[in-house]
Structures are given as C-alpha cells and as structure tokens.
Amino acid sequence: MLDSVIFLLASTLAAATPLLFAAVGEAVVEKTGVLNLSIEGMMAIGAATGFVVATLSGSYVQGFAMAAIASALLSAVFAGLVLTFLANQVAAGLAIGILGLGLSVLIGKEFEGTTIIPLQDLDLGTLSELPFIGPVLFSHDVMVYVGMATVIVCWWVLSHTRLGLIIRAVGESPSAAATIGYPVLLIRLLAIVFGGAMAGLGGAYLTLAYTPLWAEGLVAGRGWIVVALVVFGMWRPLRIAIGAYLFGAVSLLELFIQGQGYAIPSQLMSAMPYIITITVLAVISRNPRLIRLNHPASLGQTYNKSA
Amino acid sequence: MLLSFLTFYFPIQQSLEEVMKTWIKSARTIAWSLATALTIGTAPAQAQDVFKIGYIYPSPAGDVGWAHELDRGRLAIEEKFGDKVESVVVENIPEGPDAARIMNQMAAQGVDMMMLGSFGYMNDGLKTAKRYSDIDFIHASGYKLLDNLGNFQTRNYEAAYVAGMGAGFVTETNTIGMVAAYAIPEVVGLINAFTLGAQATNADISVKVVWLNSWFDPSKAQESARSLMAQQSDVIFSIYQDTPSVVSVAEEEGVYVVNTSSDMKQYASNQLLVSLQISWADYFIEQVQASMDDTFVGSAFWGGMADNAVSMASWSDDLSAEQRATLDSTVARISSGEFHPFQGPVIDQAGDEKIAEGDTLADGDLLAISWLVKGVETQLPK
C-alpha cells in the first residue's frame, strides 16, 4: 500500500510538470492582456523539436533549448498577428495552434514512433534515500525542479517586483500604461515569446522525459487543460501550480483505481481529473471580488497604439 | 463546449463562433488540398494497362503499428506483381469528409482498386463503391458488403491465447496487467483469450485492466502501464497501442510485455515476451489477383493463423525449450482447426457458464462479445 502511495505521489510531480511550464507561461501572457490559445500547437512544436534535436545531437540541453526557441518563434508569429495587425486574439490563437500541430507532424515525420532514452533522474545522495520523502520528492529529473522554480520565480516577479507591476498595468489598462510611458506592445511581445518558450519546454518535457517517444498527437489535449488551469487558477502562479499537481494526481489515481478493479465506470473515472480540478480551483477562488481583482481587464482585447 | 466556455469567460466583441469556424474551415481546406495535391499530384503518369491501386491509411505508416502493417501488405503486392501494379498512397487521413474527398479524387485518377485502411471509412467507402461499380474495394474491419466492396479483419484472439499461455509461464506474481483503449468486442475478445491462455498454463492468474477511454494518448498508456506494475503486474499486455509507449516503459522497468499488430522487439529487446504479428500479404495478393481477373466478389475475410494472417513474432529467449514446444504445438493445433481458444467450459466474471463443455464460441457471438471471463478483476465499463 505504501509503495502505491509513493508511486502515485512521485508520478504526480512528473505528470504535472508539462502543464506547469505551459500554464505559468500562459498566465504571464494573459496578465499582459493577451489571450494566446495556441498552447496545444506550441507544446506540440516543442515536443517534436525537442525530440528531434535531442535524438540527433544526443544532448537534452540542446533539445530543451531548441524546443523553447521553436515555440517562441511560433508565438512571435502569433504576436505579429495580434499586436501588429490587430487580429482577433482568439481566432489568431486557434489558427496558430492548428498551424503548430501541423508543423509538429512535419518536424517529427522521420521520427514517428521512435523512442529515446528518457532524461535521467538526479541522484541527490542521501536525500534520495530518505524513506518516503526520498522517492516522492528527491528522485526526479532536473526539469521537475526547474518547473517548480519557474512557478516560484513567476509568482515572485508578478507580485513582488516592479516588472510585475508593469506587466499587470499593461494587462489592466494598456492605454493608461502607454500614457505613463511604458512600451505596451514590446512588453506584450516579450510576454508572448516567454509564454511560447515555456509551452515549448512543457512539450519537450513530454517527449524527452515523461513519454520518451515521438508520435503525432502526443500532446493529446494538454494544451487546452493549460488554458483552463490558468483561468481557474485565477492567473496566480501558485494556484495554477496547485491545479496542475491536482490534475496530475487525479489522472494517475484514475488509472490506479481502475487497476484495483473497483466497479466505478471508467468513463466517469476518465472525467474525474477535469471535474475535480475545476471544482477545487473554482471553490478556492470563489470570491467574486478576487476574480475581479485578478482577471486582467483588457484580456482578449486588441490594443491599437494610435487610438 | 469549448466555444461556450470561451465566450463566457472572455469579453470578445465580435461574433466569435463565426470567426473561429471560418478560420478552422479554411485552414483545414487549404491543408488538405495541399496534402492531396502533393501526394496524388506527384504520381507519375503511366501506361493504360498498369493496375492502379489506391491506399488510404488513417495514420502515418511509420515503423510499427496498424498503418505500417497495411503498408507491408502493399509492399507484398508490389513485390508479387512488380511493374503490373502501381500504388497511390495517402496516409494520415481522418475519418470523415476528407476521406470521402480523397476516395473520389482517387476514383477520378482512374484507380482500379482501393484499400480503405480504417473502420471509420465504411460509410464513405460504401457510397463511393456504389458510385464507381468498376472499382473494387477492400475495407479494414468494417461489416458492410457490396459486390465490389469486401472487408477484412484478423483473428487476433488466436495469437492472444498463445501469448497468454506464455505469460502464464513467466509470471511470478500471477498478475497480468492490460492497457486497453475502449471496451469494444474486438478488445474484450483479446482480453478474454489472453486470460484463458494464461489460465491454461497457470491456474492462479488474475488480470487487471486499465481502460484508457482514448484511442490515442501514449502518455496515458505509459502511465497506465506503470500503475499496473506498481500493483504487482509482471506481464503487461499492450492492446492496440500503435506507439511503443507501453513496450518501452516495460523494457525500462524490467517487466515482460506483449503487444499487438507489429513486432516491437526493437523497442524491448530484453523484455518483449512476444508480439502478435498481423500480416495482410496473402489476403491482399489474392484480392488484387481476383480484381485483375475480374473475379472479385466482395466478401468478409476474417483471417487467423490458418490463413497466415496472424502469427507469433519474436518469442522471448527466457522461455524454456519445453515451454516453447507447448506454445508451438498450440499454434499448430489452432492452425489446423483442432483447437479453438474459446472452448468450453468458460465461466464469466459473474460465475455464469458462457460456453458449455464441448462447445466453442460461434463467430457471430465472438464478434459481439460483451462479457469478461472469470479471473479478470476489472469490470467492463457500462
């Protein structure tokens, strides 16, 4: 029984990591008032690029780096559409997302169905050998910890620094921010590119560590979970992280309970991660004033500099 | 649902649904026109007497999996008939309107025969076959027939039974874990056959199944396999997973694994117990020959070991010579028709006798099987 608990908790951290990267990146983007719905496509690009680069070069560092760059480039295209040409953010995001899915197939074409040695777990010496805590917390690959660190850094930057204030100001009222001299479009561009790079890292984590293989459609809807996590996590990195870990835990628990042979309909079990995560996040964020405070006021609206 | 979610949460000025629908539609149309133009358009022009065959696969042919096996069938045809045949292959076609368009386009290109590689092409295939009575069609795993439309399936349960026997030999925990997509009869039949086989060599077998409720999610499949291993399964049966997701995790964790469709030895050189290999070569060649001779009549082919459509590939070296002999003789007895994997008495989970002593399960019942045998711990999703 203890073995099973350890297995569930330990796997949760890995299962949540791709969501964590992408969701925190998206939270920053949305905090500047831009809604980027192309996460699914950007994760796919990151997954394919990371896999191909790591396979060819043998270097995980290069794999993750190129994945981040490739997704950042795609998100720059999105930025061009919505910031320069003032395209509708939803439509542009969906179009870029579909484009990303298509490009990922093209990038990974020669590697369809191939596998790779997964990113190895860190050896933290005695820490990894601690009973219970060792296998749960201290026996993971480095990206799991990088993911946690990213959440904390983003939380700190958004809520405790001047940069965070600027980002939030741009999202609340771009015209006011522009009036007092902030380069709204540049800040939005940087946020979008950052969000893209994070989604790329999340995607690459899928193919290089979590499921060490490339197959078309591997992201399997996780990009949409990310979008929902950001909304239900109230654009706050720490709550988003709770949501991601919860989602990871319940989706593993589902498989585990099925294996135990309880007579619960498996269709219901498959819906559980979504139901529980959304319910919990909705409950902890149910204060309407909090929603108004956190919801970036200009989210989804195009900003025309000359207007 | 997504649309209403978005319109609810995000203040967007325009008629959002309209914009999105138009974008998606035009993006798809452009993508598919390009795809068809590239794949079909580049086929070289050829003399009139060449027999032209169109192939439509639901996924990329890849190194392993369903479409790969269909493609091996195509290669067998090309090897057999050489210059007399010409192939037009379109891969990765989603079931639906796109498939219908590709079929019509192929017909317009003058193909003599069409191979439709997925169940979901059935209704479009039926329409196309009615419209073009001079083209012969063979369709994977469907159940509708016309004079010029036949269908084909494999009796994978035969191989699953033998693989189950092997699993019964090697398991130490007496627990087998299975990763399955949906509880359709085809999958349920495989689970039952594998379990019966395992029970034939090891009376104490218990079986745990995880239903993915998804046709394609390699990460979830892999996580399921890990979760089954954490629950003492030391043989994993990976059912209709087109990627090596489950197989590679078994290799990593040092647990035996059995997979379907293709030989996956290359992904689990130590831990692959056996692969259930399907092969369309004989059937495809026969049908093409019939179509060339104008003797083609659409019929339902359900090929098993006797037809060389199903076989055991890459048995693990860990099995003893004695055990191998038992397995090989079972294969021989199934091929000769002497033995049927669903031979009574068979008891279901509830304890009811489903197949009486001395009886075997009729094909019709097997095609609609909706109960699990005793020994499977997981219930069918209702």
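Two residues are in contact here if their C-beta atoms, placed from the backbone, lie within 7 Å. By that rule, the contact between the chains takes 45 residues from chain B and 42 residues from chain A. This is a predicted model, in which local features need pLDDT of at least 70 and side-chain atom pairs count only at pLDDT 80 or more, while totals for chains, interfaces and linings use all residues. Residues are numbered from 1 along each chain as its sequence is written, and chains are lettered from A and ligands numbered from 1 in the order in which they are written.

To follow the contact, we need names for the pieces. Helices (H or I, at least four residues) and strands (E, at least two) are DSSP runs, numbered from the N terminus. On the side of chain B that touches chain A, the elements giving two or more residues are helix 1 (2–9), helix 2 (16–41), strand 7 (206–211), helix 8 (218–230) and helix 9 (245–253) of chain B. Helix 8 of chain B gives the largest share of that side, 9 residues.

Now let us turn to the sheets of chain B. Strands of a sheet pair through backbone hydrogen bonds, either parallel or antiparallel. Two strands count as paired if DSSP finds at least two bridges between them. One open sheet has 6 strands in the order 2-1-3-4-5-11, with parallel pairing. Strand 2 (85–90) and strand 11 (300–303) of chain B stand at its edges with a single partner strand each, so one side of each is left without a neighbour in the sheet. From one strand to the next, the twist averages 20 degrees; axes are lines fitted to C-alpha atoms, for helices over the stretch in contact, and angles run from 0 to 180 degrees between N-to-C directions.

Strand 1 (residues 51–56) and strand 3 (residues 113–116) of chain B pair in the parallel sense over 4 bridges. Ile53(B) stands opposite Met113(B), and Ile56(B) has Leu116(B) as its bridge partner. Strand 3 of chain B also pairs with strand 4 of chain B in the parallel sense, over 4 bridges, and there Met114(B) has Phe137(B) as its bridge partner.

Which way do the side chains of strand 3 of chain B point? In a regular strand the side chains alternate between the two faces of the sheet. Met113(B) and Met115(B) point one way, Met114(B) and Leu116(B) the other way, and all are buried. A residue is buried if 20 or more other C-beta atoms lie within 10 Å of its own, exposed if 12 or fewer, and partly exposed in between, with C-beta atoms placed from the backbone.

Helix 3 (residues 66–81) of chain B lies across strand 1 and strand 2 of chain B, running at about 165 degrees to strand 2 of chain B. Helix 5 (residues 122–131) of chain B touches strand 3, strand 4 (136–140) and strand 5 (149–154) of chain B, and its direction makes about 170 degrees with that of strand 4 of chain B.

Another open sheet in chain B has 6 strands in the order 7-6-8-9-10-12, with mixed pairing. Its edge strands are strand 7 and strand 12 (310–313) of chain B, each pairing on one side only. The twist averages 15 degrees from one strand to the next. Within this sheet, strand 6 (residues 175–180) and strand 8 (residues 235–238) of chain B pair in the parallel sense over 4 bridges, with Ser238(B) as the bridge partner of Val179(B).

Finally, look inside. A nonpolar core is a set of buried Ala, Val, Leu, Ile, Met, Phe, Trp, Tyr and Cys residues joined through C-beta atoms within 7 Å. Of the 205 residues in the largest nonpolar core, Ala23(A), Ala163(B) and Val257(B) touch the most other members. The largest share of this core, 16 residues, comes from helix 10 (residues 184–210) of chain A. Leaving aside neighbours within four places in sequence, Ala163(B) is in contact with residues including Phe194(B), Val258(B) and Met312(B). As for helix 7 (residues 185–201) of chain B, 14 of its 17 residues are buried, so helix 7 of chain B is largely enclosed by the rest of the structure.

Notes:
The expected span of a helix is 1.5 Å times one less than its number of residues.
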